Amino acid sequence: MKLKEIIEKLQLKVLTGQDKLDVEVTSGYTSDLLSDVIANSKESNLWITLQTHQNIIAVAKLKDLSGIIIVNNREPDEDTLKKAKEENLPLLGSEEMAFEVSGKLYELISLKD
Amino acid sequence: MLRPFKADLHIHTCLSPCTELDMSPKGILKAAKKKEIDIIGICDHNSSENSLAIMNAAKKMNINVFPGMEVTSQEEVHVLALFDEIENALKLQEHVYDKLPGENDEEAFGKQVIVNEKEEVLGFNNKLLIGATTIPLEKIIKIIHSLDGIAIASHIDRESFSIIGQLGFIPDNLELDALEISPAITPEEAKKRYSKDYPITCSSDAHYPDDIGKSFTSFLLKDGTVAEIKKALKNEDGRKLIH
């Protein structure tokens, strides 16, 4: 499923990476431990987290993730926004909590298969 | 003249909910004496309310006590703050208390006992000390430095509440003075695995008297002060880490 469809269905706010929304999302990964994301996320996963530290951008690049959804209406740090712009990585915001976002994304992706 | 000092810079007291009353001023100092530790750092979770009691209790002993705190950042990274002056530890505490939401549940987390140097219970802290502040890590380090303290990332080799566990790697914009490792690995391993750019300190993270001094760092210093340790971490004026 394309990232832009997910953004529409989950009503996500696009903070950065506007021109990278055509990418294909294979699955999601929900975690707030960056060491765990490095160890276990897969390429093209859409990452759901409440961490807003700038290291999330480096981890997403390292693992070739399709984007990051920051949940609970948390504001990313300024450095994080700056890095995401530099890397042209889709950084998305949701007012909902990780449980809801993950549940909805799971449903969207599994229904499609 | 410079001489070696054995320092255990990360010790909890009965104020931390995860400890018992045996981590009282006497309990801690007796154990430190037994292990021939010269310097101890008092680092309760998000509070420095027992630091002065230990400092006062140590006055007639040959042990240097640093008032301090183990602060939990917004990212849930634990970082140690150590000072020479109790006033500065208490100033950090003001910043922390201002941004530390929640109330302690003694049943769930344990009691947070405030004591004096005579082992008398003065009261119970009702803040959620085990919780996280809403202060970003970078800002906490800036505050610590503005108060002449040193900032050390806690137990970086552990998965939970460490800078590596929470943030995956050490961000390059941080001005950490050192990285602390648990007794589980050696400084050489830590340098290889995590970063060659920072000095490595070893501490016990003691929650029980018997833990005190199980792991420690040896420094070559003139006196047992934070100012001297700051020099040693930078290899200045002959001061240094000798592990």
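Begin with the largest nonpolar core, which has 51 residues; a nonpolar core here is a set of buried Ala, Val, Leu, Ile, Met, Phe, Trp, Tyr and Cys residues joined through side-chain atoms within 4.5 Å. Select Ile68(A), Leu92(B), Ile163(B) and Leu176(B), the residues with the most contacts inside this core. Then colour helix α5 of chain B, residues 137–146, which supplies the core's largest share, five residues. Helices (H or I, at least four residues) and strands (E, at least two) are DSSP runs, numbered from the N terminus.

A word on what you are viewing: this is a predicted model, in which local features need pLDDT of at least 70 and side-chain atom pairs count only at pLDDT 80 or more, while totals for chains, interfaces and linings use all residues. Residues are numbered from 1 along each chain as its sequence is written, chains are lettered from A and ligands numbered from 1 in the order in which they are written, and side-chain values use heavy atoms, with hydrogens and water left out.

**Around Leu92(B)**

Centre on Leu92(B) and show its contacts (heavy atoms within 4.5 Å). Leaving aside neighbours within four places in sequence, you will find Met69(B), Val71(B), Ala81(B), Phe83(B), Ile143(B), Ile144(B) and Leu147(B).

**Phe66(B) and its strand**

Next, select Phe66(B) in strand β3, residues 64–72 of chain B. At 2% relative accessibility, Phe66(B) is buried; buried means under 20% relative accessible area, exposed over 50%, and partly exposed in between (1.4 Å probe, protein chains only). Residues that Phe66(B) touches, not counting those up to four places away in sequence, include Leu9(B), Ile39(B), Asp84(B), Val226(B) and Ile229(B).

**Ser51(B)**

Move to helix α2 of chain B, residues 51–57, where Ser51(B) lies. Is Ser51(B) buried or exposed? Its relative accessibility is 0%, so Ser51(B) counts as buried. Draw a distance to Ser48(B), and you will see a polar contact of 3.0 Å between the two side chains. Such a contact is a pair of N or O atoms within 3.5 Å; within protein, one must be able to donate a hydrogen and the other to accept it, and residues adjacent in sequence count only if both atoms are side-chain atoms.

Cys14(B) is buried at 1% relative accessible area, whereas Cys18(B) is partly exposed at 33%. Over all chains, the count of disulfides (cysteine sulfur atoms within 2.5 Å) is zero.

**Charges over rings**

Show Lys6(B) with Phe216(B): the charged end of the lysine sits over the ring, 4.6 Å from its centre. The rule asks for NZ of Lys or CZ of Arg within 6 Å of the ring centre and within 35 degrees of the ring normal. Lys127(B) likewise lies over the face of Tyr97(B), at 5.1 Å from the ring centre.

**Last stop: two loops**

Finish with Glu36(B), in the loop between α1 (25–34) and β2 (39–42) of chain B. Its phi is near 55°, a positive value in a residue other than glycine. Most residues other than glycine have a negative phi. Asp148(B), in the loop between α5 and β7 (150–153) of chain B, has a positive phi near 65°. Glu36(B) is exposed at 59% relative accessibility, and Asp148(B) is exposed at 52%.
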